[in-house]
Amino acid sequence: NLNAIIKTTDTTKLASLFGAPDNSTVRVNKPVGPVGRFIEATFENADVVADVSVHKTADKVALKLGFIEVKPQAQGKGIGTDVLAKQVQFGRELGVDEITLHAARKSAFENQEFNGYYTWPRLGFDQSVASFAESDPELYGRIRREWPDAKSVLDIMETAAGRAWWKEHGGDMKSAVFDLRPESRSSKIFAEYVNERAKRQQ
């Protein structure tokens, strides 16, 4: 029963919650886990493929973006931002509290680098500095030395100098979170980003 997890059984709204573009094929698995507290889905079209899931615990509902791949011919068109915009809009409408993901820089399986560690915080995702003490002790130490007042990645990213530093020295954000409350820091940063993008496209 989807209503045990989110506030809809409307398949169109569900696809929008996942961030699927209008012309996507969406596959939703049956809810699993204790009393159906977990939904997993994939969506794909000619430009993008992604894996998403919704988790409900005692105190919150979270949408997790497992992976997203924008296909080569579609890169640089803001598709990832459009996916997130749908997730934010419909997540709020359907009672989701946060969006989570692993904002990667390095692949665990290949000698390959990604830009998620930089792009996702530019869109409002955040992670505490303290969390890096376990996941990346070297990065944690460097942040503590060079940004001693920073409590989170977004504290570093507030300034142009901080963004340049994070782009060069930052690392995987394995537990990045976007707080869906309209007044949250995440929401304000994303709204500013979308507004600036709209101005650039005029």
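Tutor: We'll take those topics in turn. Bear in mind that this is a predicted model.

Student: Core first. Which residues touch the most other members of the largest nonpolar core?
Tutor: L17, F18, V54, L84 and W166 do. That core has 49 residues.

Student: Which helix gives the largest share of this core?
Tutor: Helix α2, residues 79–93. It supplies five residues.

Student: Back to F18. What is it in contact with, leaving aside neighbours within four places in sequence?
Tutor: V26, V28, I39, A41, F43, V52, V54, L63, V83 and Q87.

Student: New topic: α5 and α7. At what angle do they pack?
Tutor: About 160°, with their axes 12 Å apart. Helix α5 covers residues 137–146, and α7 covers residues 160–169.

Student: So are they roughly parallel or roughly antiparallel?
Tutor: Roughly antiparallel, because angles over 145 degrees count that way.

Student: Is the crossing left-handed or right-handed?
Tutor: The crossing of α5 and α7 is right-handed.

Student: Which residues meet there?
Tutor: From α5, L139, R142, I143 and E146. From α7, W165, W166 and H169. By class, this contact has four nonpolar, one polar and two charged residues.

Student: Now the loop residue. Where is D47?
Tutor: D47 lies in the loop between β2 (38–44) and β3 (48–56).

Student: What does D47 contact beyond four places in sequence?
Tutor: E69, V70, K71, Q73, A74 and I79.

Student: And how far is D47 from D179 in space?
Tutor: 27 Å, C-alpha to C-alpha. In sequence, D47 and D179 are 132 residues apart.

Conventions. Residues numbered from 1 in each chain as written. Predicted model: local features only at pLDDT ≥ 70, side-chain atom pairs only at ≥ 80, totals over all residues. Heavy atoms only, no water. Core = buried A, V, L, I, M, F, W, Y, C linked by side-chain atoms within 4.5 Å. Buried < 20%, exposed > 50% of the residue type's maximum accessible area, 1.4 Å probe, protein only. Helix = DSSP H or I, 4+ residues; strand = E, 2+ residues; numbered from the N terminus. Contact = heavy atoms within 4.5 Å. Axes fitted to C-alpha atoms, helices over the stretch in contact; angles between N-to-C directions. Parallel < 35°, antiparallel > 145°, perpendicular 65-115°, else oblique. Left-handed = near helix turned anticlockwise from the far one by under 90°. Nonpolar A, V, L, I, M, F, W, Y, C, P; charged D, E, K, R; others polar.
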